[in-house]
Amino acid sequence: MSATSVEEVAPSRAAKSPWAVETHGLTKRFKDNVAVDGVELLVPRGCAFGYLGPNGAGKTTLIRVLLGLTHADAGTMSLLGYPVPRHRDLALARTGAIVDEARFHGHLTGRQNLQILAAAREPAARTRIGASLERVGIAHRADDKVSKYSMGMRQRLGVAACLLGDPQLLILDEPMNGLDPAGMLEIREMIQSLVAEGRTVVLSSHLLDEVERTCDAVAIVDRGKVIRQGPIADLLSGSAFELQIDCATPERAGALLAGTQWGANVQVGPDGLRVDLAAGTDREVAAEVNRLLVEGGVSVYRLQEVHASLESWFLEVTTRLGASQ
Ligand SMILES: Nc1ncnc2c1ncn2[C@@H]1O[C@H](COP(=O)(O)OP(=O)(O)OP(=O)(O)O)[C@@H](O)[C@H]1O
Ligand SMILES: [Mg+2]
């Protein structure tokens, strides 16, 4: 098969892959330090995916390996179905990335910075400058110097620079870093709108709460290893939860439940009860508790299942791992 036909065949093969990012056994060492340790990562296309871990967990290193900025010591990987490094050019032509902080010329305007970047790309990139600035919501400041931009605006200009290539996949290293809550909200909404257009956004973060709010799926990484991954909803459903019950007579409700199998897990507060339930508890328990209270003469105003946030679940896992090593 000639080189030309490989280039022709690769895109149709790649399009069949359901994964925007796929890695198997991916490993990167710095001497004795295994920064990326046998990572098996499957990022579905068309979602916002969080690569979540504490400082030093190996997030930036994984991204640098994916982009070919540093070589892997072991394992295989593909981006948008293109095996890399074999088809890196094809993969990167469809991928936009910001690693570490996006850097721009402060004495030039946002638009001028994009013009410089577009000049180094395919001709179509020039035609996308205006739309990219609009897309990230900074068109009204496009002719101001970048030195006058806030951190959030620089991050958004970074994403606009990625959009010059009309990427199917965006990889953003800590896009929320250094932003205030309003800036985080803007970035979150922008990421979600990029996903709504059918793009895949992979972001790394140590801000667990932000990942939970922004992403559809997550991989949790600790000391180079992926501990858990999957849709956030699935990860939560496997976790312990509590029933929160607002009722008229909490003391009486507590007494009614005290004699049941859940008695030890009931806490009575001024407005109601909390019943802690173990992972895997059947949801029928909620209906049963409600029945017991109502038949016992307690008026129940509200009964709600509250799952642990991903944040508390994540901290629990890393603490347990830390303790066992
Ligand atoms: N160029 C390098 N040379 C040697 N060690 C490195 C290098 N880059 C990273 N490391 C080490 O690899 C490990 C992972 O670092 P990495 O920067 O990937 O973590 P991170 O998850 O991105 O952390 P942070 O949240 O602080 O950005 C750390 O122990 C770090 O010291
Ligand atoms: Mg990092």
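At what angle do helix α11 (residues 250–258) and helix α12 (residues 284–295) pack, and how far apart are their axes? In this predicted model, the angle is about 120 degrees and the axes are 10 Å apart. Helices here are DSSP runs of H or I with at least four residues, strands are runs of E with at least two, and both are numbered from the N terminus. Axes are lines fitted to C-alpha atoms, for helices over the stretch in contact, and angles run from 0 to 180 degrees between N-to-C directions. The crossing of α11 and α12 is right-handed; a crossing gets that label if the near helix is turned clockwise from the far one by less than a right angle, and is left-handed if anticlockwise. Ala253, Leu256 and Leu257 of α11 meet Val289, Leu292 and Leu293 of α12, where contact means heavy atoms within 4.5 Å. Sorted by class, this contact has six nonpolar, no polar and no charged residues. For these classes, Ala, Val, Leu, Ile, Met, Phe, Trp, Tyr, Cys and Pro count as nonpolar, Asp, Glu, Lys and Arg as charged, and the others, Gly among them, as polar.

Residues are numbered from 1 along each chain as its sequence is written, while chains are lettered from A and ligands numbered from 1 in the order in which they are written. Because the model is predicted, local features need pLDDT of at least 70 and side-chain atom pairs count only at pLDDT 80 or more, while totals for chains, interfaces and linings use all residues; side-chain values use heavy atoms, with hydrogens and water left out.

Buried means under 20% relative accessible area, exposed means over 50%, and partly exposed is in between (1.4 Å probe, protein chains only). Once neighbours within four places in sequence are set aside, Val298 touches Cys247, Thr249, Arg252, Ala253, Leu256 and Leu293. Take Leu256: 42 residues separate it from Val298 in sequence, yet the C-alpha atoms are 9.3 Å apart in space.

Zooming out, the protein has 13 helices and 14 strands. The C-alpha trace spans about 75 × 45 × 40 Å along its principal axes. Of the 325 residues, 45% count as buried. Among contacts with a separation of 6 or more, 68% come from residues 24 or more positions apart.

In α7, 11 of the 13 residues are buried, so the helix is largely enclosed by the rest of the structure. Gly152, Met153 and Gln155 are among the buried ones, as are Cys162 and Leu163. What do they pack against? The buried residues of α7 lie against β6 (95–98), α4 (110–119), α6 (129–135), β7 (169–173) and α8 (181–196).

With α8, the packing angle is about 15 degrees and the axes are 10 Å apart. The two helices are therefore roughly parallel to each other, given that angles under 35 degrees count as roughly parallel, over 145 as roughly antiparallel, 65 to 115 as roughly perpendicular and the rest as oblique. As for handedness, α7 passes α8 in a right-handed crossing. On the α7 side, the contact uses Gly152, Gln155, Arg156, Val159 and Leu163, and α8 supplies Glu186, Ile187, Met190 and Leu194. These residues divide into five nonpolar, two polar and two charged.

A cis peptide bond joins Val84 and Pro85, with omega about 10 degrees, and Pro85 is in the loop between β5 (82–84) and α3 (88–93). Lys31 has a phi near 55 degrees, a positive value in a residue other than glycine. Lys31 lies between β1 (19–30) and β2 (33–44) and, at 80% relative accessibility, counts as exposed. Arg223 also has a positive phi, near 50 degrees; its loop runs between β9 (217–222) and β10 (225–231), and Arg223 is partly exposed, with a relative accessible area of 43%.
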